[in-house]
Amino acid sequence: MSQDPYELLGVKRDATQKDIQSAFRKLAKKLHPDLNPGDKKAEDRFKDISTAYEILSDEQKRRRFDRGEIDMTGAERAQRSYYRDYASASGANDPYRNNSGFADFADIDNTFADFFSRRAGGGRTRSQGQDRRFSMEVDFLEAVNGTRTEIKLPDGPQLDVQIPPGTRDGQTLRLRGKGEPGLGGGPPGDALIEIRVRPHRFFTREGDDIRLELPISLGEAVLGGKVRVPTPSGPVNVTLPPHSNTGKVLRLRGKGVPKRGGGHGDVYVSLKIVLPDKSDERLTSLVKEWAAANPYDPRKNMEA
């Protein structure tokens with residue numbers, strides 16, 4: 001997959017948040033797994049555009065990505081310094097003029113730096129162990145609400161993994177000291193776990209908000225009343241106002257994804273009127289009588 005979220009969403013680098021949101025929604029409607037059952041390619045693309053949107057919809061992360069500080073998954077990029085960055089430096093501030101011998105290699109590769117400095121001092125080579133990378137899948141609600149699980153490593157041992165609330169698809173968790181053992185008594189490396197979140201059958205995540213489409217009956221749409229609405233933290237009762245049309249959006253404040261700094265996002269509920277599967281002669285007769293007495297054109301504003 002492309003590592004550029006702008007390319008994945010098909011937007012320019014100076015795109016507004018409105019442009020980014022519009023591009024994501026357009027692609028999500030086309031690629032959502034519920035609309036493409038069994039299509040692994042569509043599912044993978046949906047995950048990719050979701051990861052891209054989570055970076056670009058967050059202004060702080062977008063700026064950090066643009067500066068090259070993080071990659072598309074939100075993981076930190078290693079900060080490296082190269083000789084060409086200092087080639088013109090001179091005098092006392094020249095970073096290559098010091099008494100540390102081979103320690104200057106630390107900016108390029110910690111392992112080689114440690115190796116050379118130990119050799120220069122006659123000591124034994126001592127370096128940190130290599131990091132180990134893994135990936136694991138979690139359910140949508142496990143990522144939103146957080147959970148504790150285990151991952152079995154290829155060589156046998158198991159790692160206890162804490163999935164924090166609000167974990168995003170593509171996010172990398174770091175388990176310190178769970179990587180390869182160090183060399184010469186050095187500290188072990190870390191285990192880096194890339195999280196892949198399985199799509200939910202009716203929840204869709206946008207940043208810290210959740211969206212879903214809620215089917216309602218014709219009677220509920222016309223008369224209003226109490227309806228039960230699912231949320232990531234459990235169902236809640238919501239009052240529908242009378243005469244609620246398909247497409248009307250209700251906002252449930254604080255029922256979305258837990259935020260890292262505290263609080264929660266919101267849940268946005270789009271209403272969709274659904275008629276009964278079985279034909280009802282009484283309903284048909286009633287609607288015919290009503291339609292004859294109350295003619296109206298809901299498409300009158302759609303003329304080209």
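This is a predicted model: local features need pLDDT of at least 70, side-chain atom pairs count only at pLDDT 80 or more; totals for chains, interfaces and linings use all residues.
Lysine 47 is located in helix α3, which spans residues 40-56. Because its relative accessibility is 9%, and buried means under 20%, lysine 47 counts as buried. When its neighbours within four places in sequence are left aside, lysine 47 is found in contact with Glu137, Asp169, Val197 and Pro199.

A pair of aromatic rings is described by the distance of the centres and the angle of the planes. In this model the count comes to five aromatic pairs. One of these is formed by tyrosine 6 and phenylalanine 65, whose rings are tilted, with 6.5 Å from centre to centre and 50° between the planes. Since tyrosine 6 belongs to helix α1 (residues 5-9) and phenylalanine 65 to helix α4 (residues 59-66), the pair ties together parts that are 59 residues apart in sequence. Both tyrosine 6 and phenylalanine 65 are buried.

A further pair, that of phenylalanine 24 and tyrosine 53, is stacked, because the ring centres lie 4.3 Å apart and the planes meet at 15°, where under 30 degrees counts as stacked. Phenylalanine 24 lies in helix α2 (residues 17-31) and tyrosine 53 in helix α3, so this pair ties together parts that are 29 residues apart in sequence. Phenylalanine 24 is buried, with a relative accessible area of 1%, and tyrosine 53 is likewise buried, with a relative accessible area of 6%.

Elsewhere, Phe140, Phe202 and Phe203 are linked into a cluster by ring pairs. A ring also takes part in an arrangement with a charged residue, in that arginine 211 lies over the face of tyrosine 268, at 4.6 Å from the ring centre.

Terms used:
Residues are numbered from 1 along each chain as its sequence is written. Side-chain values use heavy atoms; hydrogens and water are left out. Helices (H or I, at least four residues) and strands (E, at least two) are DSSP runs, numbered from the N terminus. Buried means under 20% relative accessible area, exposed over 50%, partly exposed in between (1.4 Å probe, protein chains only). Contact means heavy atoms within 4.5 Å. Rings of Phe, Tyr and Trp (its six-membered ring) pair if their centres lie within 6.5 Å; planes under 30 degrees apart count as stacked, over 60 as edge-to-face and the rest as tilted. A charge sits over a ring if NZ of Lys or CZ of Arg is within 6 Å of the ring centre and within 35 degrees of the ring normal.
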